[in-house]
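Visitor: Hi! I'm new to reading protein structures. Could you walk me through this one?
Guide: Happy to, let's bring it up.

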Amino acid sequence: MSTSISDYAIATIGSHTALQILKGARDEGFRTIAIITPEIRPVFESFPVADELIEIPSFADYFSIEEELVKKNAIVIPHGSFVSYVGVEEIATKMKAMYYGSRGILRWESDRSMERQWLQKAGLNLPRVFTKPEEIDCPVIVKFHGAKGGFGYFIAKSPAEFYERIKEFPGQNDYAIQEYIVGVPMYVHYFYSALTGELEIMSFDKRYESNADSIGRIAAKDQIESGIRTSYTITGNIPIVVRESMLPMFFKIGQDVINTSKLEGAPKGLFGPFCLEGIIDPNLNFRVFEISARIVAGTNPYIEGSPYTALRYKEPMSTGRRLAREIKQAIEAGRLEELLG
Ligand code: ATP
């Protein structure tokens with residue numbers, strides 16, 4: 001394998017965190033490729049982060065151009081949209097291009113019960129889950145599997161309320177029932193270097209969700225009278241700086257997740273960017289409901305770096321740039337293989 005970064009390109013599909021990833025890769029000196037669709041082209045023409053645009057009719061057609069990526073010696077960076085369009089199984093079994101990260105971990109994060117097993121092993125404080133609606137004895141959030149961005153999630157306080165609400169979703173029986181935690185949402189963005197073994201906190205965010213984030217603008221009486229239902233459709237991300245005394249806890253749980261990540265089918269464990277997603281309750285307990293084992297869109301407000309990366313780096317360090325730097329250092333040290341899953 002070559003030890004010169006000019007022999008490689010960084011590629012990803014043009015959605016989610018692609019702008020940040022490609023800008024960061026370019027700032028680190030890489031040639032960059034965006035895989036786009038016709039609708040997305042204007043974005044990449046306006047924001048010049050890609051040296052090359054490869055167009056396909058839909059992101060689901062990724063495999064039709066993969067050979068081209070292989071020829072160009074492209075390292076593909078997975079993000080949320082990449083995983084959802086290309087598919088976890090296809091990535092694990094069919095992908096031929098160089099893939100940054102551990103594919104085996106994707107299976108663990110995308111299956112709710114495997115994910116829970118892993119996070120439990122890491123000792124995290126998880127919301128209770130209910131296997132049967134009859135067990136509901138506190139407010140719960142009902143999440144449909146594969147729901148895009150929280151659409152259709154609902155809250156219930158009892159088995160009777162659950163059965164009343166589920167009537168609105170006929171035929172839908174793939175859902176999870178989770179204890180509803182009252183507190184503030186918090187998404188922690190980490191980067192774990194497989195090269196140095198160091199864990200970094202990159203930034204924090206919360207999501208801006210429709211209509212959950214606007215319901216408080218209407219009086220409770222009007223909410224009830226107009227029969228408004230809460231939905232959590234994500235529209236954007238809002239930066240957060242956390243209370244500083246919480247940082248030791250965030251470092252500890254991030255490390256605990258890394259330490260328990262050499263899971264079956266994922267011998268290299270988790271490395272690179274990842275995110276713990278949860279709610280902080282009034283007693284400052286961080287109740288984690290999900291892990292994303294890849295770059296998350298919550299890092300997008302920090303293309304020019306975050307207050308935390310400013311403490312560690314002299315230059316603006318986005319998560320996209322941080323992962324490009326890791327790849328660069330690995331290439332130059334002849335260790336790229338360690339970052340490819
Ligand atoms: P993604 O898979 O894209 O991360 P999602 O569709 O699975 O998103 P979640 O992130 O699980 O959705 O949750 C959607 C919303 O519901 C968020 O605002 C989150 O804060 C809230 N939420 C999720 N689980 C709980 C919980 N156990 N208690 C309280 N709120 C929750």
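Guide: One term before we start: a residue counts as buried when its relative accessible area is under 20%. Also keep in mind that this is a predicted model.

Visitor: Okay. Which strand is largely enclosed by the rest of the structure?
Guide: That would be strand β9, residues 175-179. Of its 5 residues, 4 are buried, so the rest of the structure largely encloses β9.

Visitor: What sheet does β9 sit in?
Guide: An open sheet of 4 strands, in the order β6-β9-β7-β8, with antiparallel pairing. The edges are β6 and β8 (154-156), and each has a single partner strand, so one side of each is left without a neighbour in the sheet.

Visitor: How many bridges join β7 to β9?
Guide: There are 5 bridges between β9 and strand β7 (residues 140-144), and the two run antiparallel. To find them on screen, look for Val-142 opposite Ile-177 in β9, and for Val-140 opposite Glu-179, also in β9.

Visitor: And what about β6 and β9?
Guide: Strand β6 (residues 129-130) pairs with β9 over 2 bridges, again in the antiparallel sense. Val-129 has Gln-178 of β9 as its bridge partner.

Visitor: Which helix lies across β7, β8 and β9?
Guide: Helix α8, residues 159-166. The direction of α8 is at about 150° to β8.

Visitor: Let's zoom out. How many helices and strands does the protein have?
Guide: The protein has 12 helices and 14 strands. Its radius of gyration is 21 Å, close to the 20 Å that the globule rule gives for 341 residues, so the protein is as compact as a globular protein of that length. The C-alpha trace spans about 60 × 45 × 40 Å along the principal axes.

Visitor: What share of the residues is buried?
Guide: Buried residues account for 51% of the 341. There is also a number for contacts across the chain: taking those between residues at least 6 apart in sequence, 61% join residues at least 24 apart.

Visitor: Back to sheets. What is the strand order in the open sheet of 5 strands?
Guide: The order is β12-β11-β10-β13-β14, and the pairing is antiparallel. β12 and β14 (286-292) are the edge strands, each pairing on one side only. From one strand to the next, the twist averages 30°.

Visitor: How are β10 and β11 paired?
Guide: Strand β10 (residues 184-192) and strand β11 (residues 199-211) are antiparallel, with 6 bridges. Tyr-190 stands opposite Ile-201 in β11. Their hairpin has 6 residues between the strands, and Gly-197 there takes a positive phi near 75°.

Visitor: What about β11 and β12?
Guide: β11 and strand β12 (residues 232-240) are antiparallel too, over 8 bridges. Lys-206 has Ile-238 in β12 as its bridge partner, and Asn-211 stands opposite Tyr-232 in β12.

Visitor: New topic: which residues touch the most other members in the largest nonpolar core?
Guide: Ile-75, Phe-250 and Ile-327, in a core of 88 residues. Setting aside neighbours within four places in sequence, Phe-250 is in contact with Met-186, Val-188, Tyr-190, Ile-201, Phe-204, Val-242, Ile-280 and Phe-286. Another core, of 12 residues, lies apart from the largest one and includes Phe-130, Cys-138, Val-140 and Phe-144.

Visitor: You mentioned a cysteine. How many disulfides are there?
Guide: The count comes to 0 disulfides. In case the term is new, a disulfide is a covalent bond between the sulfur atoms of two cysteines.

Visitor: Is Cys-138 buried or exposed?
Guide: Buried, because its relative accessibility is 14%. Cys-275 is buried as well, with a relative accessible area of 0%.

Visitor: Great, thanks for the tour!
Guide: You're welcome, enjoy exploring!

Key
Residues numbered from 1 in each chain as written. Predicted model: local features only at pLDDT ≥ 70, side-chain atom pairs only at ≥ 80, totals over all residues. Heavy atoms only, no water. Disulfide = S-S within 2.5 Å. Buried < 20%, exposed > 50% of the residue type's maximum accessible area, 1.4 Å probe, protein only. Pairing = 2+ DSSP bridges. Axes fitted to C-alpha atoms, helices over the stretch in contact; angles between N-to-C directions. Core = buried A, V, L, I, M, F, W, Y, C linked by side-chain atoms within 4.5 Å. Contact = heavy atoms within 4.5 Å. Rg over C-alpha atoms; globule rule 2.2 N^0.38 Å.
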